[in-house]
Amino acid sequence: MRNKTAISIAILAAALFGISSPVSKLLLEEIPPTLMAALLYLGAGFGMLTINIVKALSKSEQIEAKMTKKEMPYILGMIILDVAAPVCLMIGLTMTTSANVSLLSNFEIVATSLIALLIFKEAIGKRMWIAISLITLASIILSIEDLTSFYFSNGSIFVILACICWGFENNCTRILSLKDPLQIVVVKGFGSGVGSLIIALALKQYSTNALYLLMALVLGFVSYGLSIYFYIIAQRELGAARTSAYYAVAPFTGVLFSIILFGQHITLSFVIALIIMIMGAYFGGVEYHKHLHTHEEGTHEHRHNHEDHHHTHPHDCKGEGEHSHVHTHEKIEHTHAHTPDMHHVHSH
């Protein structure tokens with residue numbers, strides 16, 4: 001049941017993010033690309049900070065672990081990559097259609113999965129490899145402006161660069177996903193937003209259209225703030241690669257909005273890419289595997305309960321249910337069907 005809930009949360013996160021490309025396309029008529037990227041993240045930061053303040057004032061019990069200096073390399077990596085990725089995406093949006101950008105953004109799944117496997121040693125099953133192959137093929141089809149002339153459009157190249165940045169960023173965020181998601185989004189929002197804003201000011205990218213600026217901030221809260229929050233929660237259960245696969249829903253949401261907002265005509269190559277990506281999303285969604293694996297001993301702090309067979313440590317915590325404190329995992333070796341969640345990061 002926890003797994004099904006995590007899948008639903010991942011799809012919700014994807015649907016919220018999918019709105020961003022077509023709506024950003026409209027706002028880019030008045031707001032320069034780098035400034036737009038800054039506003040999206042600042043909107044996420046301000047929105048989630050407000051929720052954090054309301055939560056603190058309500059004096060609800062703290063069951064999430066806060067980030068510490070130990071996570072600083074991943075925090076800095078997350079912020080730097082989050083500055084680079086949306087800037088590339090916004091530039092790409094100005095050079096190609098939002099529907100193309102929405103579907104091509106699926107390449108983020110490929111980048112995230114390969115980085116998770118090769119660098120962070122996350123276990124990936126055969127079905128996920130099929131998904132990666134199909135999504136890569138679809139991304140290549142979409143990158144070509146005209147099927148009779150095989151060349152990449154500049155807009156497509158910028159979108160792919162954004163996906164690679166987000167691939168690294170997703171893996172940094174996955175490591176941080178043990179910590180308070182609200183705190184992560186606030187740090188990510190303000191860190192990446194201020195970084196992009198400095199670049200925008202240096203490039204003398206301004207806008208005096210107050211309505212468009214406000215709309216960009218609201219879009220940032222919904223499509224980045226809430227989306228990232230749900231994405232982080234899903235990553236805890238599903239792992240970086242599999243959560244990213246469910247994110248294939250995002251471009252389809254983007255395409256739907258593009259058709260409604262711009263009345264765009266759907267080309268044959270677009271339909272072919274869409275079918276292949278749906279197949280890829282399916283294989284990515286049903287991927288799971290079973291093998292003998294070892295959970296190494298480790299000491300850390302994160303939200304947990306004692307019903308998951310991984311947290312068997314004794315302590316004086318009052319009450320049942322989820323809570324957060326520093327604890328040590330004993331080394332255990334067993335076999336069971338699983339997806340690569342935060343406890344299953346091992347090579348095999």
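## Helix packing, buried residues and cysteines

Asn 52 makes contact with Leu 182, Gln 183 and Val 186, leaving aside residues up to four places away in sequence. The model described here is predicted. Asn 52 lies in helix H3, which covers residues 33-57, and it counts as buried at 18% relative accessibility, because the cut-off for burial is under 20%.

Helix H6 runs over residues 107-118 and has twelve residues; the distance from its first C-alpha to its last is 17 Å, close to the 16 Å expected at 1.5 Å a residue. Nine of the twelve residues of H6 are buried, so the helix is largely enclosed by the rest of the structure.

Two packed helices are described by the angle between their axes and the distance between the axes. For helix H2 (residues 20-27) and helix H10 (residues 210-238), the angle is about 170 degrees and the axes are 11 Å apart. H2 is therefore roughly antiparallel to H10, since angles over 145 degrees count as such. On the H2 side, the contact involves Ser 20, Val 23, Ser 24, Leu 26 and Leu 27. On the H10 side, it involves Tyr 212, Met 215, Ala 216, Leu 219, Ser 223 and Tyr 224. Of the residues in this contact, eight are nonpolar, three are polar and none is charged.

The cysteines complete the account. The structure holds zero disulfides. Cys 88 and Cys 163 are each in no disulfide, and for both the nearest cysteine sulfur is that of Cys 165. The table lists the distances.

| Cysteine | Nearest cysteine sulfur | Distance |
|---|---|---|
| Cys 88 | Cys 165 | 5.4 Å |
| Cys 163 | Cys 165 | 9.3 Å |

A disulfide requires a pair of cysteine sulfur atoms within 2.5 Å. Cys 88 is buried, with a relative accessible area of 14%, and Cys 163 also counts as buried, at 1% relative accessibility.

Terms used: Residues numbered from 1 in each chain as written. Predicted model: local features only at pLDDT ≥ 70, side-chain atom pairs only at ≥ 80, totals over all residues. Heavy atoms only, no water. Axes fitted to C-alpha atoms, helices over the stretch in contact; angles between N-to-C directions. Helix = DSSP H or I, 4+ residues; strand = E, 2+ residues; numbered from the N terminus. Parallel < 35°, antiparallel > 145°, perpendicular 65-115°, else oblique. Contact = heavy atoms within 4.5 Å. Nonpolar A, V, L, I, M, F, W, Y, C, P; charged D, E, K, R; others polar. Buried < 20%, exposed > 50% of the residue type's maximum accessible area, 1.4 Å probe, protein only. Expected span 1.5 Å × (residues − 1).
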